Amino acid sequence: MPRARLPRMPDHVDPTVVTDADLAWLRRCVALAGNARARTDHPFGSIVVTADGRAGGAMNTVVTTGDPTGHAELNAVRAASQALTPEELATATLYTSTEPCAMCAGAIYWSGIARIVYALSESGLRELVAAQEGVPTLELPCREVFARGGRPIAVAGPVDLPEATTVHEGFWV
């Protein structure tokens with residue numbers, strides 16, 4: 001993973017509080033979501049950032065690969081899991097433009113990633129996506145998925161970032 005240019009969160013900060021650095025990473029995620037949309041994929045983007053500031057991002061690839069599991073978070077978790085040790089993942093943060101779905105939350109849980117920060121909530125997305133190809137979004141917040149596990153995952157979000165909603169506007173029609 002390349003070295004990040006944005007600062008990491010200081011150790012003394014509450015992991016559920018969103019910092020200026022978190023906002024910068026979320027804006028990068030939204031930019032990735034815009035790139036995914038521009039190439040006809042669903043508008044989602046995610047970045048995994050290690051405690052020492054290394055970062056690797058991913059976009060949604062559902063349409064371009066024909067793989068329904070090609071969600072941005074899952075793609076980012078796959079790449080991070082191959083590039084990082086379990087110890088590095090245990091102190092990493094996954095940033096994402098939209099709250100992880102149940103499938104992605106499960107992958108995040110199993111990867112050992114310690115913290116999630118997201119912009120648009122699942123319920124906010126649900127309002128924008130009445131139905132996609134006849135299948136509505138799952139109504140299952142990531143906090144509920146994580147609560148069923150045996151280890152804590154810090155969650156910060158939703159974060160009021162208007163561009164996280166804007167990237168979806170007009171896409172799901």
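Here is a short chat about a predicted model of one protein chain.

Student: How many helices and strands does the protein chain have?
Tutor: Start at the N terminus and read along: the order is α-β-β-α-α-α-β-α-β-α-α-β-α. Tally that up and you get 8 helices and 5 strands.

Student: What share of the residues in the protein chain is buried?
Tutor: To count as buried, a residue needs under 20% relative accessible area. Go through the 173 residues with that cut-off, and the buried share is 48%.

Student: And of the accessible surface, what percentage belongs to carbon and sulfur atoms?
Tutor: The protein chain's accessible surface comes to about 8,400 Å². The part of it that belongs to carbon and sulfur atoms is 56%.

Student: Which residue has a positive phi although it is not a glycine?
Tutor: Most residues other than glycine have a negative phi. Look in the loop between helix H1 (20-38) and strand E1 (45-49). The residue there with a phi of about 80° is Thr-40.

Student: Is Thr-40 buried, partly exposed or exposed?
Tutor: Buried means under 20% relative accessible area and exposed means over 50%, with partly exposed in between. Thr-40 has 49% relative accessibility, so it counts as partly exposed.

Terms used:
Residues are numbered from 1 along each chain as its sequence is written. This is a predicted model: local features need pLDDT of at least 70, side-chain atom pairs count only at pLDDT 80 or more; totals for chains, interfaces and linings use all residues. Side-chain values use heavy atoms; hydrogens and water are left out. Helices (H or I, at least four residues) and strands (E, at least two) are DSSP runs, numbered from the N terminus. Buried means under 20% relative accessible area, exposed over 50%, partly exposed in between (1.4 Å probe, protein chains only). Accessible areas come from the Shrake-Rupley method with a 1.4 Å probe; for residues, only the protein chains shown count as cover.
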